[in-house]
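Please read the following points beside the sequence and the three-dimensional view.

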Amino acid sequence: MSELLNNREHRIATLKEIILHLHRGEAPEQVKARLAHMVGEVDATEIAAMEQSLMADGMSPEEVKSMCDLHAEVLQDAVAKPIAPREVPPGHPVDTFRRENRAVESALGSARERVAALESVADQAYPTTERLAVLGAFNALMDVDKHYQRKEHLVFSVLERHGNTGPSKVMWAKDDEVRDLLKGAIEVLREESLSGAELKILVPTVLRPALAALESMIYKEETILLPMCLGLFTEEEWGEVWRDSPRYGWCLVEPAAGYAPPVATLPEDPIRLPEASAVAFPSGSLSFQQLIGIFSSLPVDITFVDADDRVAFFSEGPDRVFARSRTILGREVKHCHPPKSVDVVERILNDFKAGRQTVAEFWIQMQGKFVHIRYFAVRDEAGAYLGTLEVTQDLTRLRALEGDRRLLEYDAPAQA
């Protein structure tokens, strides 16, 4: 029996069956006892494989997400505890994620102190000073969005190359949950008319749950995600993550110096045109260098998804609305969106492929900007579907224009 229990496949299957008891309503303490008796220690990749297997059997990512915290609770004692986390050079992407987590933990401690201070004076009619202190602490914690974006768009992209799509869906959904809880807390803390009694109610119902969710994500990253990635990613893949990380920014702390990624090697399949070579179109020709310059100068962001629903190209202008990294090239587009948006994305693509629609249009208010997003079905002359073009533009300035400004009114800058 011990040979079977030490077998990875058998351990994953046993782990999955035990977790299903949790989904069926068995008490967490009973599940913990069953784990201790039957499984022993499991590693991060086995937990990820178990969750992926649940979704392969038809369980929705939403259901797995809803039970994710209970999974972590019952698995906490079963996860193999390394003597120390695997060492990586300073500045390595994992080192940066860990450093940011330590900074977030420190900020969490400060936020809890301010929440406790708010609670202690909440009998006052308007404890403004304490409320503003908590608001400042929660605003600082929102910096974790940069940490999450690097994880979702870079780490998850590489993870999916290794066949791990399920765990990334669940963790992205949990990231969104943390974001929503933090944003909800910030929104209510901005209300200047809140009474002390109302603020006191917010502490257990809004503020502490947000902090607990953020802390829980740190645990999931440190015990499951990062160890799993360290066991799967090549050094070249970590180099990809490192090179594209600045597009998303850093959370609370800057990366350390010292990491030297391997030199990137180009894949063998693509054909690179010489810069002077021209590409002939029905309406003219452009050199490869000119094409790069045009795509870099367009006042819109362009992303092209091919007929197999994989990201094939994106423009790299200086002021992109949404950051893009080269790790997403070849990634299924459904994995490039938060889980709550995937159904809509797939519906748009299916409508384009079936010829029911040719354009899908959306606009959102984001960080003081009015962002216009359009999806276009791309077809050949015979009408065959080639892919989908996403065009995104910040229309804030254009929407504010009034009257006329004609060509003759052009005012060239004075020459030096």
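1. Of the 416 residues of the protein chain, 41% count as buried. Buried means under 20% relative accessible area, exposed means over 50%, and partly exposed lies in between, with a 1.4 Å probe and protein chains only. The model is predicted: local features need pLDDT of at least 70 and side-chain atom pairs count only at pLDDT 80 or more, while totals for chains, interfaces and linings use all residues. Residues are numbered from 1 along each chain as its sequence is written, and side-chain values use heavy atoms, with hydrogens and water left out.

2. The protein chain holds 15 helices and 7 strands. These elements are DSSP runs numbered from the N terminus: helices are H or I with at least four residues, and strands are E with at least two. Among contacts between residues at least 6 apart in sequence, 65% join residues at least 24 apart. Contact here means heavy atoms within 4.5 Å.

3. Leaving aside its neighbours within four places in sequence, Leu141 is in contact with Val104, Ala107, Leu108, Ala111, Leu182, Leu211 and Leu214.

4. The next topic is the strands. Strands of a sheet pair through backbone hydrogen bonds, either parallel or antiparallel. Two strands are said to pair if DSSP finds at least two bridges between them. Strand β1 (residues 278–281) and strand β2 (residues 284–287) pair in the antiparallel sense over 4 bridges. A hairpin through 2 residues joins β1 to β2, and Phe281 stands opposite Gly284 in β2.

5. An open sheet of 5 strands has the order β4-β3-β7-β6-β5, with antiparallel pairing. Its edge strands are β4 (311–314) and β5 (359–366), each of which pairs on one side only. On average, neighbouring strands of this sheet are turned by 15° against each other, direction ignored. The angle is taken between axes, which are lines fitted to C-alpha atoms (for helices over the stretch in contact); angles run from 0 to 180 degrees between N-to-C directions. Strand β3 (residues 301–306) and strand β7 (residues 385–394) run antiparallel and are joined by 6 bridges. Thr303 stands opposite Glu390 in β7.

6. How many aromatic pairs does the structure hold? It holds 5 aromatic pairs. Rings of Phe, Tyr and Trp (its six-membered ring) pair if their centres lie within 6.5 Å; planes under 30 degrees apart count as stacked, over 60 as edge-to-face and the rest as tilted. Phe156 and Trp172 form a tilted pair, 6.5 Å centre to centre with 50° between the planes. Phe156 lies in helix α9 and Trp172 in helix α10, so the pair ties together parts that are 16 residues apart in sequence. Phe156 is buried, with a relative accessible area of 0%, and Trp172 is buried at 5%. The rings of Phe233 and Trp238 have their centres 4.7 Å apart and their planes at 45°, so this pair is tilted. Phe233 counts as buried at 6% relative accessibility, and Trp238 is buried at 1%.

7. Two charged side chains also sit over rings. The charged end of Arg150 sits over the ring of Phe97, 4.7 Å from its centre, and that of Arg399 sits over the ring of Phe370, 3.7 Å from its centre. The criterion is that NZ of Lys or CZ of Arg is within 6 Å of the ring centre and within 35 degrees of the ring normal.

8. Asp309 has a positive phi of about 70° although it is not a glycine. Asp309 lies in the loop between β3 and β4 and is buried, with a relative accessible area of 17%. Gln367 has a positive phi of about 50°, and it is not a glycine either. Gln367 is found in the loop between β5 and β6 (369–379) and is exposed, with a relative accessible area of 76%.
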